[in-house]
Structure formats: C-alpha cells, structure tokens
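User: I'm new to this one and would like to learn how to read it. Can we go through it feature by feature?

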There are 2 protein chains.
Amino acid sequence: MAPTRRTSRDIRSESRLDVLHALLAAGETTRNELARTTGLSTATVATVVSDLLSGGIVTEARVASGRVGRPTTLLRLNQDRGRIVGVDVAETYIRAVVFDAALDETASAEIAADERHDETEEVVDGIARAVDAALAQAGTPRGEVLGVGISLPGSMQRWGGAAPVMPNAAWRHVDRLRERLDLPIVIDNPLKAIATAELWFGEGRRHSSTITVNLGTGVGAGIILNGAILRGATNFAGEWGHSLLALDGRACRCGRNGCVEAYVGALGIQQTLGAIAPGHPLAAVPLQRDFIDALAAALEPPEPDPAVTETIRLTARYLGAALADLVAIVNPETITLTGWTVWALGDHLVPAVRRSVVEEAPGDAAADLEVQVSTVRGNSVATGIATIALERFLSDVGLVTTRVPTAL
Amino acid sequence: MAPTRRTSRDIRSESRLDVLHALLAAGETTRNELARTTGLSTATVATVVSDLLSGGIVTEARVASGRVGRPTTLLRLNQDRGRIVGVDVAETYIRAVVFDAALDETASAEIAADERHDETEEVVDGIARAVDAALAQAGTPRGEVLGVGISLPGSMQRWGGAAPVMPNAAWRHVDRLRERLDLPIVIDNPLKAIATAELWFGEGRRHSSTITVNLGTGVGAGIILNGAILRGATNFAGEWGHSLLALDGRACRCGRNGCVEAYVGALGIQQTLGAIAPGHPLAAVPLQRDFIDALAAALEPPEPDPAVTETIRLTARYLGAALADLVAIVNPETITLTGWTVWALGDHLVPAVRRSVVEEAPGDAAADLEVQVSTVRGNSVATGIATIALERFLSDVGLVTTRVPTAL
DNA sequence: GGGGTAAATCTAACCCATAGATAAATGGTT
DNA sequence: AACCATTTATCTATGGGTTAGATTTACCCC
C-alpha cells in the first residue's frame, strides 16, 4: 500500500481541525483570538469559521464590547448540533456516555459485564441496552444522535477469531450492531480512542509526538505523531503492553511470556506483591480495581506498608524500563499516563517512574522527555471514541478529510 | 513543539520527489510513463519535469519513435549535475563513497579506524583523508561536489559527551569538519541513513510503513511512516537495538543489561555460541566480521556444525522476539533486513526469523507482515547518507521543502 | 462632524493539481 | 499533396488553499 498523497483539501481540513481544537480549549473565543492561537491568517480563520457556522458546528454566542473599537463576536462550539455517544466495552462493564456536540458529557449508563461478553449476542445486546439507557437518561431522541463510537478491547478475540485487530476483523458483527442500534456507528480500539482524546483534549496538540500510556487491567499505548494517530498497517499499533519486558518471563494473558502487561498490568502488580510478601492479604483481593485501591490505602501515612512500598518501587522500575523502550524506538517528546491504576497510585508511582525511565533509557535519550499524568478527565476511552465518531461525522458532512479511520 | 503545518509548496515538493523516485527506479522514462507510475496528471508531470530540467537535475536523454504518433523524449537523472559524497564512519573503518548525481557509485576509499576514532582530531582527520582519497580516485574537482553526507554512529559518544543523538549534540565539531573539508556537509546517524536508502531505493516507496533493521556490530532500525523517516524529538528514533529483550539480561556495550543488541549484535551471537559450546574455536575469533563469515562457512554442507546451527536457531528466536516488539508498537507493513550479518547469514537466518516473529507477535499481528532482505545494494549507510545530502542540496536550490533534516 | 481604534471582510496575488482542449510530430492511405 | 489516425506534449480554464494589505464596519470620545 503506497503512502497517501496530500491535496489542498487536506490543508483546509487541518485548518478546520486546528480551529475546532482552539475553540474546544478556549470555550468561547473571537475570530481574532483564533487567528492568534492557531497561527492562521484572520482571512483564513474567517473563511473556516464561516464554513463551520454554515455546518452548524460553531455558533455565535454573543457580542462583547471592548473599551474602544468595534465590538467583537464571541464564538463557541454549538452544543445543540446533536449528540454523540461513546461506548467503552471493557472486561467488567459496558459504559455508554452521551456527549453534546461540544463534547461535554451529558449522561451515562453502565451495564455490568462478565464472562458473558464473550458471546456475540450478549455483547451486542449489552451495547444496545447501555446506549438506550444513556440516551433515555439524557432525554435525547435518536434523531439527534450524530454518531455512536464503540471501543472494543483486544481481549475480545473470539469475535473475529483474531487478535486485537478487532476493528478490521469484526465485520461479521458490525451489521448486527448497526441493525440493532439503527444509528451511524464507528468501531475502534481503546488505544486509538485514548490517543484521540489526548490529541483533542490533552498534550497531543502541543507536541509533535506524544505517547499516552493506559494502565489498568490491560496495558497499552496510543501514539500521536505530528498531529495524527499512528494506526499501523492493520490498526494494531500501540500494543506495547504485549511487547517484551523479560524473555521467557511471567506468563501473560495473551498466551506469551514476559509481556510488559504481565508486570505492570493490575494483575502483574498483584503478582509482584505476592512474590515480595507471599500470603500478603492484598495479594488475594479478587477484583483488580479493589486491589489497586487497597494498594493506595496501604500507602497512606503514618505507616505505609513496607511490602506495598516495595511493590511500587519494583513496578516503577518495570514501567520505567518498558517506557524506555518507547523512548528508544519512537523518541517522543512527551509521555502521558492515564487509566485507573494511575488515578489511584499516581502520586507514589509517577515520580519514581520518571527517575526510572531516565535511568533505563540508553544514553541521555530521555533527558528532555516529559512524563506526566494525562490531563484528560473522565473516561478517556469513552471520550476518545466519541471524538472519533465526531471526526467521522465531520467527514461525512464534508468538513474534514484527514484523521478519519478508513473503512470503518 | 507543535506539529508542523503543511502548505501547497509541500504538496509540490512531494510531487517532485515522487517524480525523482520514479526516474531513479526506471533509469530512462517518458513524461507519459511518469504520469502513469506516479499517478500525477500529465500536466503536473510536465510542470515538475520542467522545474527539474531547469535545475539541471534531469536531462533529456534522447528521442524515441513509436510505431505511430509523435516521437517521445526519454528523460533520465542528470548524472553530470555534480558529485555527492557519502561517509560511513564505523567503528573499524571510515568509508567515503563518491556518487554521481544519479546516485550511482563512482569511487570509494576506506581508511582503517581503531580506538583512534574516539579522538576528535583523529576522526576529523580520518574523514577528511577518506573524502580526499575518494575524490582523487574519482578525479572529481571539489567545485563539482554538491554535498557531503557524514554518518556518525551512536558509539561516538564522547564527541558530544552524549548518547546516540550525535547529530544534535556534536555542534562543537561540525565547524571543524566544515573548515577542514571546505564543502557543504550534513551529519546524521546510520539509522536515518539506512531508512533514507530504503525509502529511495528499496521498499520504502511502495509501502506506507516500512522498518529497515540493520544487523552488524551495532543493531538498529530505520522507521519509515507514510513516506517520511521517523526521527523523533531528538533524532533518536529507531534505537531498537537498545530496547529490552531480557530484563537484567546480558550486559550490553551501552552500559545497560538485556538490550536486543546484546543478543543479536555480532558480539551477542558470539556469546550465544560460547554459551552453547564453551571453548568452541569460533567463540574466540577476535574480529566480528571474521566471526560472522566463519559462522557462514561452518554452516555449509555436507556437515554443518551443530553448535553453530543451534546458535542460528537461538539467534533467530531472539531476533524474532525483538522484531515482534516493533510489530506490537509500530505495526509496519514490512520489515527489511540489512547489514553484513544478513548478507553472510541471511539464507539460514531469515526463514527462521520469519517463523519466529509470527510466533512471538501477539495474536496474529504479524500474519500479514512481510519480512525480507533489503534490496538496497552496496553500503546502505553511505548510500543513504549521500541521499540525505542530495535532499539537502535539493532543498537549498528550492526544489524540495519536505523530508530534509532540520538545522543540520 | 471628525478622529481614533479594533474587529471583520474584501481583494489581489501567490501556490498547487487536473480535465479537457489544442498543438506538435509522426506514419499510412488516397 | 492532402487528409486521417495516433500518440506525445503543452496550453487553458477551473477548482482548491493561504495570506498581505486594503477597505469597511462599529463603536467611543472630543
């Protein structure tokens, strides 16, 4: 497959996305300010804004006067343009979040999931029920829904009889979902979703290369290079959780040994604690989120648990070494950390990870690297997959040509 | 650093590069054929060709008649436009290759290097002497030299007191080189050079993502994404040889433990043999290229050495696992292998590596991956760095705006 | 009414690519 | 010699994008 060639339409597409991002960051802003923050000329901004006003994506909020000179018109994203739903299909739950067209969350609904979600019908049904419940809570008629983004995880292997390339392999189930939902849908995986969220809401717009690392049960990375998500040949890029930390090391859920996830996934952290202190009560906590929360509690002053402290130290080392691989291969400007492990343990883990990645990276490759907790709030998978659905909608109405996942 | 914004000039730049690549691949060709192979319109091709003719980059070779219709003019790259020198500064030699402007090799000279090349003056002197010798052999006056590309390896740490980010850290020595050579120079590292060679001469133009892996003393990867070299924030991308294969594994020359290079670099392969058969005569061969050549000889029928056979098997496994990491993180369409280890051992190693990477990659991520020996002939570092110098020259004369390394 | 200021729009110029028309250069036929 | 058919190369008008500078708009103040 040859590289794609850019046209002048793609230039306009990127200009529109730049303006949208600036509007999203600012809330309300003027054409002149948009020109300043995007670096586009005022004439280009005026043209782009006119397009977005015509499309109903942007609205003129109010007119404000300065001390002197012509009054200025403040613009904002038109939240009433419609609604977008982001669905995070995880291993223990299916969560549907309704966003307005300015990507603010308006409602959400969650359905418990268990082993059941390995059965196709059950998953399709679960997704539909979660979407219905969220739309009902938001009081949103289906006619107002611009799109539904659905994030399916890598562990859902049996759907396509394949690995984490779900978006490409799951075609046999997409029609069932479309039929069941009767709404425009787009399917992608959590890594592409969190990267998209980071690109629209986090560090991704300010840096030419950002990697956002998700730490939870599963572990993975969303890679942003020059304002675009790295997808790879089969949409598989970013499965860093299943790269090697230790040849012939611990067994991993994916069937291999020594994967990064087997050390820094929640289960891997629990195993580390069990190796340090066999019989430690927290090593037997059955649910992974409970385990991580219990770790955080055990680290509280005045008497932090020494085995838990050692577990954090070792985990930071493993994570630092694994992040050093990303530095060695991709050399990003910044790495952001997200996921419930980070929310719970970030205060203890992140400073140690920063030190570890500098030590583990070859030479001084990580000297200028920024490592920080992602500033994307809420469920970043749902936010990101909803954003992908918005990108698809913008593509469908002719406003955007780039960045949209192909053939999904 | 914000992502770079594309303009219409960048579109023309890519069109020119497309035409140049097609000319390079075809040798001689017509405007109509260029339009067919590049997919550009005949009008755009005519415009681009006119630019390249004006710049002296392309020349009209001859006129050929078909059976009927207007005769056609055959075009080719103008090898007499000038000369370009590519310098490969390796650990045991400094090799300077003179290329004509059609990137065909016309002369070369090699100077032995040893521990001496860690001293700045010695290296500068060595480079200058190699360049002088190669130009003398080619009978090329200095006035005809369009540029000199110099590839400095990661091991040359003391130049900048830094790691493999030589191109950025070595500013204090660039002036000395400029002064000494009195020619326009551009400095880069071997990974960017081999990637550029693969992009211009190999698989890089036919695929949206190609990783070219160099196996020798040092080990690394050049990454091409959508027709461009992945450089990273500090030009460090591709140092996959210093990512982890085994946490706390073998000591590596870079000071860490467990690096990929410690297992699949020539020294690492020798260590593997030593572990399989302590006291094996080949385990004591002092020069690494001699060692690899001796391995190849020991594999010849009718009696391949069993310890050597086992060494190849293990090496294939290590290499497959390490390539699987590239698959997991970047998900390329194709991986090409290059370097003197591959030239010598490819027949035995490559089929086993293909099988290994499929086994080691998570799920079926590597199902569609192509793994092949690079089709770039000759010293691909010298070829690639010369090509980078040509890109710089094309940029200086205003024909190209993209792909050129910044500020070097 | 005139002057000053700041926001928004207009205009002309620059850049790129292409579909279709036109010109150029043959060979073959009448 | 004139005409037709074919193929190559160039020309032309149109579509798309961005921006520097000019002009218009909408105020406030004197």
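User: How far does a polar side-chain atom of Ser41(B) lie from a phosphate oxygen of DNA strand C?

Analyst: Keep in mind that this is a predicted model. To read a polar contact, look for a pair of N or O atoms within 3.5 Å. Here, a polar side-chain atom of Ser41(B) sits 2.9 Å from a phosphate oxygen of DNA strand C. With Arg70(A), the partner is a sugar or linking oxygen of DNA strand C, 3.2 Å from a polar side-chain atom.

User: How many residues surround DNA strand C, and which are the closest?

Analyst: Count the residues with a heavy atom within 4 Å of the strand. That gives 23 residues around DNA strand C, the closest being Gly69(A), Thr73(A), Arg12(B), Ser15(B) and Thr44(B).

User: Which element gives the most to the surface near DNA strand C?

Analyst: That's α1(B), with five residues. Both chains take part: α2, α3 and β3 of chain A, along with α1 and α3 of chain B, each supply at least two residues. Sorted by class, the surface has eight nonpolar, nine polar and six charged residues.

User: Let's stay with α1(B). At what angle does it cross α2(B)?

Analyst: For a pair of helices, compare the directions of their axes. The axes of α1(B), residues 8-26, and α2(B), residues 31-38, come within 10 Å and cross at roughly 110°. The two helices are therefore roughly perpendicular to each other, and the crossing is right-handed. On the α1(B) side, the contact is made by Asp18(B), Val19(B), Ala22(B) and Leu23(B), and on the α2(B) side by Leu34(B), Thr37(B) and Thr38(B). Those residues split into four nonpolar, two polar and one charged.

Definitions and conventions. Residues numbered from 1 in each chain as written. Chains lettered and ligands numbered in written order. Predicted model: local features only at pLDDT ≥ 70, side-chain atom pairs only at ≥ 80, totals over all residues. Heavy atoms only, no water. Axes fitted to C-alpha atoms, helices over the stretch in contact; angles between N-to-C directions. Helix = DSSP H or I, 4+ residues; strand = E, 2+ residues; numbered from the N terminus. Parallel < 35°, antiparallel > 145°, perpendicular 65-115°, else oblique. Left-handed = near helix turned anticlockwise from the far one by under 90°. Contact = heavy atoms within 4.5 Å. Nonpolar A, V, L, I, M, F, W, Y, C, P; charged D, E, K, R; others polar. Polar contact = N/O pair within 3.5 Å; in protein donor to acceptor, adjacent residues only side chain to side chain.
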